[in-house]
Amino acid sequence: MILTEESVRKIKEKLQQYPQPKSVILPALTVAYRQVGYVDADIYREISHIINIPTVEVAEAATFYTMFAKKPRGKYLIQVCHNISCALLGADSLIGYIEEKLGIKIGETTEDNLFTLVTVECLGSCATAPMMQINQDYYEKLTKEKVDQILEDLRSKA
Ligand code: FES
């Protein structure tokens, strides 16, 4: 079992809150994701067993939502917007800069498991482009100098 007793308890509580077990798939995935940091086939099976839903239905929901990581990732998830406003204001250049600075490519995690770099579509902060989200925080009007400072601050907190 990957899920802790606490997570299983939380998922079972959700079963009491929804009329259909199927409605518990996303809350259950969220509970699992918060505990483990990603969801995969083993977790789909455990959730399936707990809420008595076919595993494939759990997998379908999990794979539809990109916010559920499917493998372990770094402590800090760097999501750089590369949509139109950010692209026009240098997102590609910033992405290349971050790749070079961290020594990883998009989709990869640094060896120290501190940073994972991904690109995302518009995060709704076009007026402050180019921008990125790291975990729950937005960083806006980015420059290479700002990126340096942000990454340095995060490293010092680690
Ligand atoms: S295009 Fe980047 S936040 Fe909208």
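**Close-up views of a predicted model**

**View 1. Helix α6 lies across β1, β2 and β3.** Residues 91-102 make up helix α6, and residues 132-134 make up strand β3. The helix runs at about 165° to β2.

**View 2. Four strands form an open sheet with mixed pairing.** Across the sheet, the strands come in the order β2-β1-β3-β4. Strands β2 (115-120) and β4 (137-139) stand at the edges; each has a single partner strand, so one side of each is left without a neighbour in the sheet. On average, neighbouring strands are turned by 25° against each other, direction ignored.

**View 3. Strands β1 and β2 pair in the parallel sense.** Strand β1 consists of residues 76-81, and its pairing with β2 extends over six bridges.

**View 4. Glu-46 is a buried residue in the model.** Its place is in helix α3, which spans residues 41-51. Glu-46 has no salt bridge. The nearest side chain of opposite charge belongs to Arg-45, 7.9 Å away; a salt bridge would need a side-chain nitrogen of Lys or Arg within 4 Å of a carboxyl oxygen of Asp or Glu. Leaving aside residues up to four places away in sequence, Glu-46 touches Met-1, Ile-2 and Leu-3.

Key:
Residues are numbered from 1 along each chain as its sequence is written. This is a predicted model: local features need pLDDT of at least 70, side-chain atom pairs count only at pLDDT 80 or more; totals for chains, interfaces and linings use all residues. Side-chain values use heavy atoms; hydrogens and water are left out. Two strands pair if DSSP finds at least two bridges between them. Helices (H or I, at least four residues) and strands (E, at least two) are DSSP runs, numbered from the N terminus. Axes are lines fitted to C-alpha atoms, for helices over the stretch in contact, and angles run from 0 to 180 degrees between N-to-C directions. Contact means heavy atoms within 4.5 Å. Buried means under 20% relative accessible area, exposed over 50%, partly exposed in between (1.4 Å probe, protein chains only). Lys and Arg count as positive and Asp and Glu as negative; His and the chain ends are not counted.
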